[in-house]
Amino acid sequence: MSERTGPGATDGAPAASAHLRIAVVGPTYPFKGGVAAHTTALAHELEETGHEVALVSWRHLYPSRLYPGEQVVPAGAPDVAPYPRTSHPLSWARPDSWWRTGRRLQEADVVILVHVLPAVVPAHLALIRAARGGAARPTIVALVHNVLPHEPRPGDQALMRRFFGAVDAVLVHSAEEARAAHDLGAPDVTVAALPPHLPGGDPAPRPRRTGRVALLALGIVRHYKGLDLVLEALREVPDLTLTVAGELWGAAGERVRELASDPVLADRVRLRPGYVPADEVAGLLAEHDALVLAYRSATGSQNVLLAHHHGLPVLATDVGTLGAQVRDGVDGLVVPAIDRAALVAALRSLADRGTVERLRDGITAPDLSGPWARYVAAIETIAAGRTVEAVRLLDPAPGEGAVPRPGLSERAAEATTALAAGALSAARTVRALARRETDLGPRDLPDWVRPTDVLLTDDEAEDVVVLARSLGLPWLPALPGSAGTDRRAAAWAALGALSAVLRVRDGERRSSLVVDAAGTSTVFARWARAIGYAPVALRLSDPAIDPGSLDVVVRLHPNGCTADDVDRALAQAARLLRRGGLVSLTLPVHKPAGATAPPGGAGAGAGAAVSPADLRAVAARADAMGLALVGDLDRDIAPLLGDLEPGADALARLTYRRR
């Protein structure tokens, strides 16, 4: 398989084999803020999924009249680790850079234009025309954070109509924004929840707090964020303090300064003007008890997830996606926008430290990986030109969440409802999108690659790596934080699972819906994509997944797992797999030195490994769940484990078929 150099790649450096050549055009480091962080994280996630990605950014993004604050990150760490294949050819003040950049992108499969302000539309239109000037015609996707600005200007709607008329598809982050895009003539509009791209890393240690409850407002102060309303309400709630950490813009910033200087608030309100660098975020959050997001209007915000990631409940208004992110009375409080009485009542509740502690106890750590898998799947769907009605415009009904827009076909209506519930419609759409990079069939795999097997030595794992290269499977990137042994073990586990899908389930077809419970950037997922599948990541505990609806479930743990994980994975697979479906999993095996392992098997505790004898208990429990082992435990596995030295470790790969 030949290697390619994608748009924006370093000269002379071969790019890894990739599913799509994608150019992401948008702000990144050293620009600051949530959009730049999201753009950077998107490039990382797309590459981790196996695509060949170039991040094409700006050296001069906005005129100062449109963005009066400091545009770049001051001294401090970037919000998100910079993406290595980034170039900065674009300049607001140099229209020639728009054309030159567009011509460079003519060979991309997909160009993702990150949109925030209508003022940048002329640059995007020029870039689109240049990108379409070659023999190939890349798919142009508008990734729109705000269809219209929070503080619109004359001419914004006309610019957005022109922009939407020039692109192939539009991706937005809420049903409300989808309706706004549709009303301005947008083509295929896909809704995907904004995935997390949180600055600040892990939470900092939180000291035990006493005294007044400390609230935090984080981010640029602008009129639509409603900080003036919070300060006015705070006058009536004396047992609270507030820190306003962020740039103070224009009239809104002056109003906040004025209110904060009022003698009633002066000793309780602290202004911390200026951008908060990423390396100071965790410490700042640890100094406070709750986050306040009393927006007048909004589309979406990362700050709810950021607060919950650091253990802070949130007071939010029910605008944009904020109300859906906060569980009222559980992990925060939700009030109507611009409702002074409701805001004062919520602040009085937070003044009670017992209430704050109860809300803290209700916080569930946010899922930081699953949303990205779904987000990338949505982009892959668009890129393949297969966006279906099921992911288009949604109309919410009171008490029902998102429901189909009237007029959709019965099939599309059913799929839309399932998608809104977090079910499988998007996954089944993506299943048809994969294109093969490598022709690999069941006859291409040697007999020693088996669905059920045991890895005893590093040499055996290295043999799999050599075989994978000879079969044309993609280059294996290093796993984050892993050693070479982990990488080889992951390859061994992945190739055996692929052999099960090809030999037992599909043969030469690529019809199975494959779920990799570890995500879409694993070795297995990369190799499955390369041979024509479109693996998706689903949380198998999600009750919205219909029983008997999955074809293949893969749970590979080359770095180890607890024994309870094995039983849980088998139980989930038994519930979700259709008849004839497969589950392939790995578990570490340890042969005790001298003494026999305690009875009870893998489900007896949460040990990190099982003994060779316990594999029979695993097989027995799986059989009781309706799962039949693919392979012969006595003939294929037991002799190998019999040769295992006392005190030594091995890795077992077990594949079961749903009866």
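This is a predicted model: local features need pLDDT of at least 70, side-chain atom pairs count only at pLDDT 80 or more; totals for chains, interfaces and linings use all residues.
1. Before we start: local features here need pLDDT of at least 70, side-chain atom pairs count only at pLDDT 80 or more, and totals for chains, interfaces and linings use all residues. Residues are numbered from 1 along each chain as its sequence is written, and side-chain values use heavy atoms, with hydrogens and water left out.

2. Start with the sheet. Six strands form an open sheet in the order β10-β9-β8-β11-β12-β13, with parallel pairing (strands are DSSP runs of E, at least two residues, and helices are runs of H or I, at least four, numbered from the N terminus; two strands pair if DSSP finds at least two bridges between them). β10 (269-273) and β13 (332-335) sit at the edges with a single partner strand each, so one side of each has no neighbour in the sheet.

3. Now zoom in on one pair. β11 (residues 290-293) and β12 (residues 314-317) run parallel and are joined by three bridges. Leu293 stands opposite Ala316 in β12.

4. What covers the sheet? Helix α11 packs on it, touching β8 (213-218), β9 (240-246), β12 and β13 (contact means heavy atoms within 4.5 Å).

5. Last, look at α21 (residues 633-642). Which of its residues are buried? They are Leu633, Asp636, Ile637 and Leu641 (buried means under 20% relative accessible area, exposed over 50%, partly exposed in between, with a 1.4 Å probe and protein chains only). Their cover includes β19 (577-590) and α20 (614-624).

Methods: Axes are lines fitted to C-alpha atoms, for helices over the stretch in contact, and angles run from 0 to 180 degrees between N-to-C directions.
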